[in-house]
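I opened the model and kept short notes. The entries follow the order in which I looked things up.

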Amino acid sequence: MQEIFREDKKKIEFMNNSSMNFPPHIHESIELVHMTNGRGKAFCNGKCYDIAKGSIVLIFPNQVHYYTDFSSDTKATLLIIKPDLLTQHSQTFLNKSLLSPHYITTKDDQNLISLLDVAFDEFKNQAKTEVVSSILSAFFSLFFEKAPLEQIDDTNDCASKILKYCKQHYRENISLDDISNNLFISKSYISHTLNDKIKISFNDYINSLRVTYSIKLLEEKKHNITEIAFLSGFSTTRSFNRAFQKHMGVSPLKYRKTT
């Protein structure tokens, strides 16, 4: 199931899932989960949310998130969409964040759920991307009327500064010392922030960025595995294979053969 987190395969992906037990990951897409049965836990930026039938979980781009402890009767609709398809809401996804990524629907949210269902039906019927995205734009317009948003203040948010720096330099030989020297933040505070805020170690976060980038190169099929390892920021093919297996559940070579 890990391949749903590829960055460039499609701009919209809809699917019905019976399992949501995914490890920590990030991507530049918007991710939405609508639980139609069962229960489990969703983690976003270090906070845990108990989700069940009727729950909607909305993950903004570049938020570390994962799901676990799902019951055997779980059924969920999963949406992955590129922000650039929702031009009406692009500034919201860029400059704001939800007070909570977990929204519990009620009987008053039937119009909201209907829009999501219609978008999914159009997707399954292979409607044009513009049609599906316009329905989803209407869905998010209604959703943001119900779910409180807050402004992101990058200048005062150490976690955002650290993540942004990692995002810009992960293909280099980046270390805690580099971040500390460039952002004037102690190494211990950086480690504490990553572990406390997003529940992921520095090395795992960097490797998740590198693996995500390597997926693009694997799908392009222009480079061999060794070249992709170095282009993605790994120092050896062995470390690349180990990280890829951990994050994606398969080896880079096997992943390429299935794409």
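How are helix 7 and helix 9 oriented to each other? I found them roughly perpendicular, a label that therefore applies to angles of 65 to 115 degrees. The axes of helix 7 (residues 202-220) and helix 9 (residues 237-248) cross at roughly 95° and come within 9 Å. Axes are lines fitted to C-alpha atoms, for helices over the stretch in contact, and angles run from 0 to 180 degrees between N-to-C directions. Helices are DSSP runs (H or I, at least four residues) and strands are runs of E (at least two), numbered from the N terminus.

I noted that this is a predicted model, where local features need pLDDT of at least 70, side-chain atom pairs count only at pLDDT 80 or more, and totals for chains, interfaces and linings use all residues. Residues are numbered from 1 along each chain as its sequence is written, and side-chain values use heavy atoms, without hydrogens and water.

Then I checked the backbone for positive phi. Asp69 is not a glycine, yet its phi is about 55°. I placed Asp69 in the loop between strand 6 (65-68) and strand 7 (75-81). Gln126 also has a positive phi, near 60°, and lies in the loop between helix 2 (110-124) and helix 3 (129-146).

Last, I counted elements: the protein has 10 helices and 10 strands.

Note on methods:
Angles under 35 degrees count as roughly parallel, over 145 as roughly antiparallel, 65 to 115 as roughly perpendicular and the rest as oblique.
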